[in-house]
Amino acid sequence: MKGQVLAIALVIAGGVAVCVMSLVAYSSLSATRGQYYEQYQFAEVFATVKRAPKHVLQQAAEIPGVSRLTGRVEGAAKLEIPGFTDPVSARVLSLPDQGQPEVNRLFLREGRLPASGRPDEVAAVGSFADAHALQPGDRFSAIINGRQQTLTLTGIVESPEFIYVIPPGGMLPDFERYGVLWLSSDSLAAAMDMRGAFNSVVVRTEPGYPVASVIDGLDRLLDRYGATGAFAREDQFSHRFLSDELDQLKIMATVFPLIFMSVAMFLLNVVISRLVSTQRDIIAVLKAFGYDNRQIAWHYSQLVLTIAAMGLVLGIGFGVWLGRGLGELYMDYYRFPGLLFRLDPGWLVLLTMITVAVAWLGGWRAIRSAASMAPAEAMRPEGPAKFRITRAEKWLSGIHFSQPSRMIVRQTTRRPLRSFLSMIGVAMSTAIIMVGNFQFDAVSLMVQTEFARVQQQDLTATLIDPANAAVLFGLQRQPGVRFVEGRRSVAARLVNGHREWRSALTGIPGDAALQFVVDKDLETVSLPADGLLLTDFLASELGVSAGENLTVEILEGDRRTLSVPVAGTTSEFLGVGAYMRLDALNRVLGEGPLINQALLNVDPALEDTVYRQLRETPGVLGISIRQAMLDSFYETMAQTFLTFTFFNSLLGAIIAFGVIYNTIRISLAEKGRELASLRVLGYTHNEIAHILFGEMALLLVSGIVVGWLIGQGLAFLLITALQTELYRVPLTITSQTLALSATVVLGSALVSGAVAWWRLKNLDLVAVLKTRE
């Protein structure tokens, strides 16, 4: 009984641990983010303009609902870090003369902020400084607005605006090749030709005031200065990515514990039912001595509650430890000054109540049976079961089974409910291991689709301003460049009735050879001569389908509004987008053959030459390397998913062991008398072991197959719940995942079987064959 109790407690502990782990990570990250935002005055509204005079800031401050704001200059830079040959780009922001801005203040980790009047001083975000082991006093070269200058690092900082630092157009961080720098206002304004002007404003609003009203006011004020449309904090990339991650933690805290608790409830039901069945005579004696139904029920309830308490204590301890580790893992990617460890006591109380309720409900049927048992009936041994030839036996009558094999078939088919429940237990174990591991398959498909099927360029050069497509001929003639293709991307707001989405409208050549759009079968989708293609997720969010017209508000140039038909949908796992043919996009914009991105295939032997040429080209804003993005993707995903996969496999193995061990032990206890009788009649040890384990083998095989189906269903529910704008995990399960889940279950069965084999070998025939009378 000790082993069975421990196995059930471990299953409960697994569910509680997953729940506590997710809650600890969620609570800690939420509390850290909330305090960070408030302490460092993270903006609620963001707006960018082409160029606006500084006196406009006073008008912006008078907009109702604005509590404080900061106007700043921002731009892009190409960096040259000593000892690092790959192209490095950075976003540069200005700091006011007094040091800290009023909005989006900086956390100074090391050194000091750049001093006013020192154009060569710069502060860098911590992720970038750590990636290159930069220290205050280090120097590196930068090209800002086409002008090269040498910068001296004075401080290493963190900002609530850049908790998750991602290069433009990327989905994962690349700390070595992309960073954020802060220069003094005078220095950056001089470098960007923005003296007496600003091109970015960040705003804090008054508590309770509608943010949408402030956005409308800013849009009206800044429209004449080339504004691209103000947006709220919810649309700020770093905040949105972190919010999506927190939402996923909440889902994990719900889905996985639900599976674990369901299995624990099943196990408790089986074990307590068996215990009550074997203690009928004891129950009868207790009732004969005056114990009432309530006292009998409380006696067995105590056993259930003890098991639940063991699982709860183990699970909370393990979950807190895992939660701390998960929080530290997140800190590698989310740049907080520090992690506040939080676990809401209210969540623990709720989890305790749910665990106790689930455990008690699991044993309730058996407890009620024990309490309602009449003393006279309980004093009699349980009557023999009524056996008859089942349909399965009739169907299999043509097969000449050996006698032990025939016994296996009869045992399995004559108690269908018990066999079904045991099989479901094995299936749930298999399913949870599958759910834990299928994400590897999904990530592999995402990588193959994004970096092998969709993107076939070696690098992408982004231009500062749209340029005539003729620049591609110049790039094509550069040494080391094999093939060049142009694209254009413009900021746009897509509107359908009351639904709208801020995104980018991308123009792709009709005969594109380096980057495509694909459908759900990964087949290339032809770009229509007119109309646009939408990512299926975006089309669903906007509520439009092929053939319907969509309003497109261009946020650049003359900010024209277009009505464009939706020609079809594409399927993407990373991000969302709207696509048109490049010539069609330029035509509706009323402009010539312009591009602002160049995709290049380069000679690997001359890639350093190409990097250097592009870095020194004035019109190039930044460079991104496909292989670097792929490496970053693998590095980030590998660490995160390996951690989750390890613990999910471990917890799945615990469930599998708990289910199979209890099933074998219960089967051994129920058949002990029959097996001992067979031994007395002359059956060998191997033959009675064949009878016992043969039934388990049938349940294992059927349970694994059913588990694969259940696992696929759970994986579908999980990816549906985890869909976000940033990425959608595809449902794909490979044979390796199926084999791994089956192997873990079979491994648990072998360990449980070894224990049962040892007990069977040491079966006390005399003790077992003693009658109860």
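Two strands pair if DSSP finds at least two bridges between them. Helices (H or I, at least four residues) and strands (E, at least two) are DSSP runs, numbered from the N terminus. The model shown is predicted: local features need pLDDT of at least 70, side-chain atom pairs count only at pLDDT 80 or more, and totals for chains, interfaces and linings use all residues. Residues are numbered from 1 along each chain as its sequence is written, and side-chain values use heavy atoms, with hydrogens and water left out.

Strand β6 spans residues 121-125. It is joined to strand β8 (residues 147-158) by five bridges, and the two run parallel. In this pairing, E121 stands opposite T152 of β8. Strand β9 (residues 178-184) runs antiparallel to β6, with two bridges between them. Here A123 faces W182 of β9 as its opposite residue. Why is β6 largely enclosed by the rest of the structure? Five of its five residues are buried. Buried means under 20% relative accessible area, exposed over 50%, and partly exposed in between (1.4 Å probe, protein chains only).

**View B. The open sheet β2-β10-β1-β11.**
Four strands make up this open sheet, in the order β2-β10-β1-β11, with antiparallel pairing. β2 (66-72) and β11 (231-232) stand at the edges; each has a single partner strand, so one side of each is left without a neighbour in the sheet. Strand β1 (residues 45-53) pairs with β11 over two bridges, in the antiparallel sense. F46 stands opposite F231 in β11. In a regular strand the side chains alternate between the two faces of the sheet.

**View C. T32 in helix α1.**
Helix α1 covers residues 2-39 and includes T32. Is T32 buried or exposed? T32 is buried, at a relative accessible area of 3%. Contact means heavy atoms within 4.5 Å. Neighbours within four places in sequence aside, T32 is in contact with F336, G338, L339 and L340.

**View D. A366 in helix α9.**
A366 belongs to helix α9 (residues 345-371). Its relative accessible area is 3%, so A366 counts as buried. Which residues does A366 touch, not counting those up to four places away in sequence? They are I272, S273 and V276. E234 lies elsewhere: C-alpha to C-alpha, A366 and E234 are 51 Å apart in space. In sequence, 132 residues separate A366 and E234.
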